[in-house]
Amino acid sequence: MPDSSQTPTRMVRFLKLLLFVGVVLLINFGAAWLARQIDFQIFPRHESLLQGAVLSMALLYVLLMAIPFMPGIEVGLGLMLLLGGKGALLVYLCTLLSLSISFSMGRLLSPLVLCRFLSWFHFSRASNLIQRLAPLDAHARMKLLNEKAPSRIAPILVKHRFLTIAVLLNLPGNAVIGGGGGIGLIVGMSHLVSYPTYLMLLVLAVAPVPLWFWFQGG
């Protein structure tokens, strides 16, 4: 017979997760709507507004890409479609900037904040793991993560973390795991990758789509 005392906790956890997903979806759709409002066709009579419009879209793209679960890629594609091959370099540099910001946010975020966030969702095992990882150096963290990994594939992903990050950044539909901003945030929080290494990885990992636009001329 199931323990009835666990039912309220499970129900509360489900409601909190539902609330979190609802907020993420609401913000996501709101940001996508805003991106569509900013997008407009450029005619000669709008030439004086072009520079300001491009700057605004670039700043919006950096902001949305740096925040987990935000649809920044829509703004980036809009810029490349609008400006052609010239926009590819702008989007590429903005992507490096935004994912660097998300990485820095992860480095600055206190493990205590993450523990409280996980505890609020009643993820006590994950919260306890973060508390154990916080004071350790990179080598000790790798060892502990390999010991605690729940499946055979998890240690492989941790061991080959550079390839894993590159694949996740280019994975279609990666918004379900936080998008580029969420991935950068998690990598920064993990302290398993230094920023110079992360930046070199970004330089290669985010290049394919802008390069395609560059060679195709938009």
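Tutor: Leu-96 lies in helix H4; helices (H or I, at least four residues) and strands (E, at least two) are DSSP runs, numbered from the N terminus. This is a predicted model: local features need pLDDT of at least 70, side-chain atom pairs count only at pLDDT 80 or more, and totals for chains, interfaces and linings use all residues. Residues are numbered from 1 along each chain as its sequence is written, and side-chain values use heavy atoms, with hydrogens and water left out.

Student: Is Leu-96 buried or exposed?

Tutor: Buried means under 20% relative accessible area, exposed over 50%, partly exposed in between (1.4 Å probe, protein chains only). Leu-96 counts as buried because its relative accessibility is 12%.

Student: What does Leu-96 touch, not counting residues up to four places away in sequence?

Tutor: Contact means heavy atoms within 4.5 Å. By that rule, and with residues up to four places away set aside, Leu-96 touches Leu-202, Val-203 and Val-206. Leu-96 and Ala-66 are 30 residues apart in sequence, with their C-alpha atoms 9.9 Å apart in space.

Student: How do I read the overall fold?

Tutor: Start with the elements. Along the sequence the pattern reads α-α-α-α-α-α-α-α-α-α-α-α. Of its 218 residues, 35% count as buried. Take the contacts with a separation of 6 or more: residues 24 or more positions apart account for 69% of them.

Student: Which residues touch the most other members of the largest nonpolar core?

Tutor: In soluble globular proteins, nonpolar side chains tend to be buried together. A nonpolar core is a set of buried Ala, Val, Leu, Ile, Met, Phe, Trp, Tyr and Cys residues joined through side-chain atoms within 4.5 Å. The largest one here holds 33 residues, and Leu-99, Ile-165, Leu-169, Val-187, Tyr-198 and Leu-202 touch the most other members. Two or more residues come from each of helix H2 (47–66), helix H3 (72–83), helix H4 (85–108), helix H9 (161–169), helix H10 (179–190) and helix H11 (195–205). H2 gives the most, with eight residues. Now look at Leu-169: beyond four places in sequence, it touches Leu-99, Asn-174, Gly-180, Ile-183, Leu-202 and Ala-205.

Student: Which residues make the nonpolar surface patch?

Tutor: Patches use residues with over 30% relative accessible area and no salt bridge; like charges are joined within 9 Å, nonpolar side chains (Val, Leu, Ile, Met, Phe, Trp, Tyr) within 5 Å. A salt bridge is a side-chain nitrogen of Lys or Arg within 4 Å of a carboxyl oxygen of Asp or Glu. Areas come from the Shrake-Rupley method with a 1.4 Å probe; for residues, only the protein chains shown count as cover. Here Phe-20, Val-21, Leu-25, Phe-29 and Phe-117 make a patch of about 470 Å². Helix H1 (residues 7–38) supplies the largest share, four residues. Val-21 is found in H1 and counts as partly exposed because its relative accessibility is 42%.

Student: What is the phi of His-191?

Tutor: Most residues other than glycine have a negative phi. Phi of His-191 is near 60°, a positive value. His-191 sits in the loop between H10 and H11.
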